[in-house]
Structures are given as structure tokens and as C-alpha cells.
Amino acid sequence: MIRNLRLAPAILTALGLSFSFLHSAVAQVDRNPATSDEYRRSVESWRADREAKLRADDGWLTLIGLHWLQEGINRVGGGPAAEIPLAPGSPEIGAISFSAGTARFAPAPGADVRINGRPARPQVLRPQPGDHDVVTAGSVTMFLIKRGDRYGVRVRDANSARRREFAGLRWFPIREDYRVTGRFVPHPTPTSVMIANVLGAVEPWPTPGKVVFTLNGREFTLVPVLDGPDAKELFFIFRDGTTGSDTYPGGRFLYAAMPKNGEVVLDFNKAESPPCAFTAFATCPLPPKENALPVRIEAGELDPHR
């Protein structure tokens with residue numbers, strides 16, 4: 001989700017005031033600090049699923065490249081001199097003609113290439129996000145992405161070295177007292193929060209409100225965003241006292257179900273590292289200033305590099 005816009009200082013000030021105005025309410029915390037076997041098993045199952053998705057053919061561990069398109073002809077494969085190199089030693093499989101935001105792929109004569117599972121023919125490629133086209137040649141796949149005004153090609157290899165060598169995820173111990181129920185405070189009007197990403201772009205993401213919760217006797221606030229117009233869950237991008245030491249320096253992600261009866265369950269045992277922790281070819285959003293928690297959240301995923 002990319003909206004490469006700027007927010008005027010006056011609007012930013014107004015946005016900050018709206019958060020201050022809405023800062024209220026009380027949250028409930030699971031009172032029993034003991035971790036039940038049933039809860040532990042549910043978190044362990046979720047974590048196993050998380051790791052399986054990372055290791056999957058379309059997981060972040062298979063990314064081997066992100067190449068921004070140039071106006072004109074962009075050769076695909078055929079060696080490191082190509083505008084879009086594929087796996088080492090791969091032949092040239094075609095070219096992408098790019099002009100004014102339109103990318104048209106033409107397969108090389110005799111190349112065994114498929115688009116969406118069918119034999120490739122010259123066609124315009126639809127970019128991600130949304131329904132997009134996938135080009136496949138052997139173990140390598142690629143697809144178009146749009147980030148602001150830029151178009152790029154992400155390349156995956158099911159046989160990537162990072163996937164083969166991945167040693168698995170590491171976590172803080174599971175603690176049920178890090179599963180809290182907060183009060184959801186909706187915004188009275190449509191509101192956005194400014195989110196920067198690792199490319200340096202700053203964009204407004206829609207936010208439906210904020211969640212006020214209590215942890216270890218202290219009250220905190222997190223601002224969720226919606227990752228796309230059809231989002232079915234709340235998306236939190238946050239940092240805390242463990243960021244950069246125990247957990248990934250770029251912050252962590254946390255997903256939660258939509259509010260129910262004015263409440264949102266935040267399970268920090270399921271806090272996860274962003275894709276950028278596993279590949280240099282992701283374009284991760286960074287935590288907004290509103291989501292810098294002045295406390296150590298010793299729950300969830302540890303930095304995979306430490």
C-alpha cells in the first residue's frame with residue numbers, strides 16, 4: 001500500500017491534537033500471570049505456522065532481487081549485466097518494455113516461460129498490490145510492484161541460499177500476561193497517520209482509531225493502520241525498549257482482530273519481525289512516532305540476526 005504524499009505541518013499538528021484529545025479509557029489485562037498449557041500450545045502452533053510461511057515457496061526467504069524499472073527495455077535474465085538479473089547462470093528469458101507506468105513483458109524466442117501458469121505471450125503485467133501477474137521460469141518467479149511513482153520487479157528463487165540456510169526463528173518465552181485486552185477509541189472522522197518506509201518515502205495510511213491498554217500497571221496507546229481498502233484486521237507497527245537490542249532495529253509488526261464490543265486483544269507473544277529482517281529486497285514500513293512504546297515488551301519474536 002503506497003501513497004507517496006506529503007502532509008502539511010498544519011495537518012500534522014491537527015493529527016497530533018486529535019490523538020491527544022482521544023487519549024482516554026481503561027484497558028483490561030489478563031490478571032493471572034501464569035501461562036496455561038492450552039494458551040502455550042495455541043501460541044506455539046501460531047509460531048510454527050509463522051515459520052512455515054517464511055519457508056514457503058512464496059515466503060520472504062526466497063527473495064533474491066528487487067530491480068527498479070528504467071524507461072525503455074529492461075532485459076530479464078542472461079547474466080549480471082541484465083537490468084533484471086535472475087539466478088546465477090540463468091539464460092535470458094525475455095524483456096520488459098517500460099513506459100509511463102506500463103510494463104509489457106515479451107518472452108525470448110524458445111524460452112520456457114509461463115505467466116500465471118500458462119505459456120507466456122507478450123502482455124502488460126499487472127503490479128502488486130492487488131491482483132498481479134507472476135512470471136515463472138524454472139525455480140525462479142518474478143512479479144511487478146508499485147511503490148509510489150516507482151515500478152520494480154521482485155525476483156524469487158525457490159532454491160535460494162537464504163531459504164536453504166535459514167536456522168529458524170527465536171522467541172521470548174511465552175507469557176500469558178503479555179496478552180492484553182485494550183479499549184478501542186475510534187476516530188470521529190476519517191484519519192491517516194504518516195508512515196515512513198525503508199525507501200525513504202513517507203505516506204499516509206488510514207487509521208480507524210487507537211487502542212489504549214494497561215501493561216504491568218502502566219497505560220499505553222498504540223495506533224493501528226489498515227493495510228489496504230479490504231483490510232480485515234488491525235495492523236500495528238511499533239517499537240519498544242527491546243528494539244535494536246533484543247529485537248529487530250526496524251521495529252516489529254503485530255496484527256489483531258477488528259474491535260469487538262469496543263475492545264481489541266493485543267497478543268505481544270505474536271509480535272513478529274518485519275520482512276526486512278529476512279531480506280534486503282522488502283520495502284517495509286517503519287514505526288510511526290505514535291507507536292514508540294517507552295517500555296520493554298519482552299514477548300514475541302527476537303531479532304533473527306542476533
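Mentor: Searching the whole structure turns up one disulfide, meaning a pair of cysteine sulfur atoms within 2.5 Å. This is a predicted model, where local features need pLDDT of at least 70, side-chain atom pairs count only at pLDDT 80 or more, and totals for chains, interfaces and linings use all residues. Residues are numbered from 1 along each chain as its sequence is written, and side-chain values use heavy atoms, with hydrogens and water left out.

The disulfide links Cys-276 and Cys-284, with S to S at 2.4 Å. The torsion about their S-S bond is about 115°, so the disulfide is right-handed. Both Cys-276 and Cys-284 are buried. Buried means under 20% relative accessible area, exposed over 50%, and partly exposed in between, with a 1.4 Å probe and protein chains only.

Now Arg-154. Arg-154 sits in strand S11, residues 150-157. Strands (E, at least two residues) and helices (H or I, at least four) are DSSP runs, numbered from the N terminus. Arg-154 is buried but has no salt bridge. That term requires a side-chain nitrogen of Lys or Arg within 4 Å of a carboxyl oxygen of Asp or Glu. The nearest side chain of opposite charge is Asp-227, 11 Å away. For charge, Lys and Arg count as positive and Asp and Glu as negative, while His and the chain ends are not counted. The side chain of Arg-154 does reach the backbone oxygen of Phe-281, at 3.0 Å.

Next, helix H2. H2 has 19 residues, 37-55, and at 1.5 Å a residue should span 27 Å; its end C-alpha atoms are 27 Å apart, which agrees. The expected span is 1.5 Å times one less than the number of residues. Within H2, Tyr-39, Val-43, Arg-47, Arg-50 and Leu-54 are buried. They cover an arc of only 70° around the axis, which puts them on the same side of H2. The arc is taken from the directions between the helix axis and the C-beta atoms. The face turned away from that buried side carries exposed Asp-37, Glu-38 and Arg-41.

Arg-104 belongs to strand S5, residues 102-107. Arg-104 is partly exposed, at 42% relative accessible area. Its C-alpha atom is 5.9 Å from that of Leu-125, 21 residues apart along the chain. Pro-119 belongs to strand S7, residues 118-119. Pro-119 is exposed, at 60%.

Notes
Polar contact = N/O pair within 3.5 Å; in protein donor to acceptor, adjacent residues only side chain to side chain.
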